[in-house]
Amino acid sequence: MEVEPKEQKTSRKKVAVLPWMRNPVDVSSFNKCPLTQLPFLHPRLEEALCNGGIESLFPVQVAVWQETMGPGSFERDICVNSPTGSGKTLAYALPIVQILSTRAVKCLRALVVLPTRDLALQVRDVFATIAPAVGLSVGLAVGQSSISDEISMLIERPKLEAGICYDPESRPVELQSAVDILVATPGRLMDHITNTKGFTLEHLRFLVVDETDRLLREAYQSWLPTVLQCTSSSVDGLFACNSNPLSFGFGSLKTTRRVGVERGFKNKPYPRLVKMVLSATLTQDPSKLAQLDLHHPLFLTTGKIRYQLPEHLESFKLICEPKLKPLYLVSLLQSLQGEQCIVFTSSVESTHRLCTLIKFFGDLGIKVKEYSGHQHQSVRSKTLRGFREGVIQVVVSSDAMTRGMDVKGVRNVINYDKPPYIKTYIHRAGRTARAGNHGRCFTLLHEDEVKQFKKLLKKADIDSCPTYTVPSDSVQSLRSTYDEALEKLKESVEVETFKKQKAGIKSSIKRKR
Ligand SMILES: Nc1ncnc2c1ncn2[C@@H]1O[C@H](COP(=O)(O)OP(=O)(O)OP(=O)(O)O)[C@@H](O)[C@H]1O
């Protein structure tokens, strides 16, 4: 479950908004723009986008493009607050790839950090649709493969000529980056920064912190200060971060960030590291944003309301009788007639139990799977694949799937457990109604939760949340099956608890030996 951001706890205290956030660029004043009319777009990128099914850019993409292309390109850091599913990924990927398309030598120039592996995979795929078209390669550092496999994908060793005897003492091997753009999670990124020979951030020109508010809570081994330190400079030529003797790599190709004049901003190192931070619920907390050390940030946001939901999302509440909530859920799933949907619960345990219980209802004609942070990555990936292919209709998930996950065709989101914060509601509901499509979000509530829920929605300026009803005879007809399913669930939980205890005893005996 997402931890309550401190900012929300103290929201009533009114945190002062930073001056640069007060007059943002309003994304809603932009229209979609056909690729053919987009100024400066590299023809090969246009072709790659068309091949990927994209014929025009969404408003947030047009806004970022306009602010980053042409004269004065990327003079300021970019902060984007725009609804879920509005296309933030391509909004940063396209300008980065366009700018790097003119690079002469391969080295790591763009780093994109995401909070989870599945999200990183998704973002890598977006880069992979466009970057190769202009000769750029994209790498992934998420711990999906062994560290050695990952290193061999990220670092290139020069080919040694056959028949020549090289003395490693007299000529250290020059290691080079095999990728121009790296998509990473904080954990694996830190592994490479500290241990991988030849891995360096010294040439980095772009740092993207996607899902910023979530990542700023992820202190994993101080990844952010480390990255900033590795990319900062002083006059005497620095980048002392990777002290590894083999990491010098590029010899004469060193990127020197001189202190000089960058149009309008004196005494800043140049070329400057450009930061792009994005979220559907971007924090406004000055102390949190300060961690990013932003340079004259430009704030782009959609509309006047801080928390925006997608345009075509409809919100409903479903009032359930106490103790019969699972029946209402099953009945609702039946009424959705196999439309794809994600059911969110409040914890990993309830995800597992609810999914098991639904399966014990017998053949509902709906394929249901669970997805949670406790599962092995391979299991989660398989579920996600099945869901994307439409083989699975319902995924029961903990908040592991809340942020950023993009599964086309999800028409419904169901909050089985009431979301504790408006940010949770926004990210959960945002798994549907993406890319301008229609979607519905149902929240199951007990009568005594209605008032609180109304208050929660008010924070996103939602005044209307109609009640959705499922036919009472359908709930009643499921009652006998429900009793049986509950019995089976009880047995299954007992068996699982016993197995866990047994496994715990075994491993503690092993440890004692
Ligand atoms: N210009 C476009 N034309 C058509 N589809 C697009 C375009 N841009 C993005 N999409 C699609 O829109 C969907 C949402 O994009 P994306 O995942 O980048 O949204 P997001 O704003 O990052 O959402 P979230 O806040 O939930 O992470 C994706 O399926 C993507 O393929």
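Start by selecting R479: this residue is exposed, with 10 other C-beta atoms within 10 Å. Helices here are DSSP runs of H or I with at least four residues, strands are E runs of at least two, and both are numbered from the N terminus.

Before moving on, a word on what's loaded. It's a predicted model, where local features need pLDDT of at least 70 and side-chain atom pairs count only at pLDDT 80 or more, while totals for chains, interfaces and linings use all residues. Residues are numbered from 1 along each chain as its sequence is written.

Next, go to helix 8, residues 186-195, and color its buried residues: P186, R188, L189, H192 and I193. They're on the same side of helix 8, because they cover an arc of only 165° around the axis (taken from the directions from the axis to the C-beta atoms). Their packing partners include strand 5 (110-113) and helix 10 (223-231), with contact meaning C-beta atoms within 7 Å.

Last stop, the ligand. Show its shell of 18 residues, the closest being T84, G87, K88, T89 and A435; a C-beta atom within 6 Å counts as near. Helix 5 (88-100) gives the most, with three residues. Domain 1 (19-158 + 174-233 + 260-301) and domain 2 (313-489) both contribute, so the ligand lies between them; the bounds come from an automatic or database domain assignment.

Key:
Buried ≥ 20, exposed ≤ 12 C-beta atoms within 10 Å, placed from the backbone. Contact = placed C-beta atoms within 7 Å.
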